[in-house]
Amino acid sequence: MQVNWKLSLSFRARRLCMQPIKGVYLWPGVGFSSNIYLIDGEVIVDTGTGDFFPQIKNEISGLGIDISKIRTIVNTHHHFDHTGGDKKFRDWLKANIAIHAADRGALEHGETLAELFEAQAKFITADIALEDKDVIRTRHFSMEVVHTPGHTPGSICLYERKRRFLISGDTLFEDGCGRTDMPGGSSEEMKHSLQRISRLDIEYLFPGHGGPKIGGVGFLIKQILAGSLKATKAEA
Ligand SMILES: [Zn+2]
Ligand SMILES: [Zn+2]
């Protein structure tokens with residue numbers, strides 16, 4: 001797919017941040033950059049490539065929240081389009097970086113496919129190694145770590161049972177699942193991961209790329225598992 005950069009950038013410059021549900025802010029990805037989420041004013045999920053850090057910092061600062069409460073930066077997986085901004089966000093917020101144990105090594109050794117995004121590899125030390133069923137708590141939310149290998153070995157989703165939202169990284173998008181043809185990817189593991197999240201009661205899907213999806217998430221996963229929707233190749 002061809003992206004019209006100028007159009008895309010000017011559009012985003014006017015309307016960078018959205019709040020799909022109360023307590024969840026979303027900065028839609030621009031160019032290679034993944035979506036970035038701020039949950040309950042306490043947790044950042046993914047940091048994009050870092051290219052748009054100054055604008056996002058300004059917008060977060062303008063939300064009127066106490067930024068000293070942002071204590072954790074969660075990476076849904078190690079790829080550069082989700083972790084390239086980690087260092088900038090950590091330097092600013094003095095927050096801890098968390099990533100699943102199986103993706104930690106790749107993040108720390110700079111094996112994040114930065115070259116694919118026309119960027120220099122970065123070496124980022126993680127502060128917290130996440131495991132399946134860990135719970136990340138904020139004042140209003142309780143997000144369970146669901147280990148969903150397939151796109152990468154340490155890909156995770158975050159599931160909030162009460163508000164019924166799933167932050168899905170590059171495991172699930174509004175129109176398909178993540179690609180499994182990159183290093184550490186596995187279509188067999190992706191299938192198991194999708195089967196696992198198909199058992200969750202999800203109303204809101206907050207993916208790593210593209211727009212959020214409200215309703216129909218169970219049906220979407222069924223379609224993917226039935227083979228009628230393929231992996232989305234454009235998104236790494
Ligand atoms: Zn990825
Ligand atoms: Zn991605």
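The mean pLDDT of the protein is 93, and 93% of the residues score at least 70, in what is a predicted model.

In overall dimensions, the C-alpha trace spans about 45 × 40 × 35 Å along its principal axes. The radius of gyration is 16 Å, which agrees with the value near 18 Å that a compact globule of 236 residues would have. Buried residues make up 44% of the 236 residues, and, of the contacts with a separation of 6 or more, 63% are between residues 24 or more positions apart.

The secondary structure comprises seven helices and 15 strands. Seven of the strands form an open sheet with mixed pairing, in the order E1-E2-E3-E4-E5-E6-E7. Strand E1 (18-21) and strand E7 (128-130) stand at the edges of this sheet, and because each has a single partner strand, one side of each is left without a neighbour in the sheet. From one strand to the next, the twist averages 25°. Within this sheet, strand E3 (residues 36-39) and strand E4 (residues 43-45) run antiparallel and are joined by three bridges, with isoleucine 39 having valine 43 as its bridge partner in E4. Helix H4 (residues 86-93) packs on the sheet, where it touches E4, strand E5 (72-74) and strand E6 (96-100), and the direction of the helix makes about 170° with that of E5.

A further open sheet, of six strands, has the order E8-E9-E10-E11-E14-E15, and its pairing is likewise mixed. Strand E10 (residues 156-160) is joined by three bridges to strand E11 (residues 165-169), the two running antiparallel, and the bridge partner of leucine 158 in E11 is isoleucine 167.

The largest nonpolar core contains 53 residues, of which Tyr37, Ile44, Leu158 and Leu166 touch the most other members. For leucine 166, when neighbours within four places in sequence are left aside, the contacts are with Cys157, Tyr159, Ile197, Leu200, Ile202, Leu205 and Phe206.

Conventions: Residues numbered from 1 in each chain as written. Chains lettered and ligands numbered in written order. Predicted model: local features only at pLDDT ≥ 70, side-chain atom pairs only at ≥ 80, totals over all residues. Pairing = 2+ DSSP bridges. Helix = DSSP H or I, 4+ residues; strand = E, 2+ residues; numbered from the N terminus. Axes fitted to C-alpha atoms, helices over the stretch in contact; angles between N-to-C directions. Contact = placed C-beta atoms within 7 Å. Core = buried A, V, L, I, M, F, W, Y, C linked by C-beta atoms within 7 Å. Buried ≥ 20, exposed ≤ 12 C-beta atoms within 10 Å, placed from the backbone. Rg over C-alpha atoms; globule rule 2.2 N^0.38 Å. pLDDT = per-residue confidence, 0-100.
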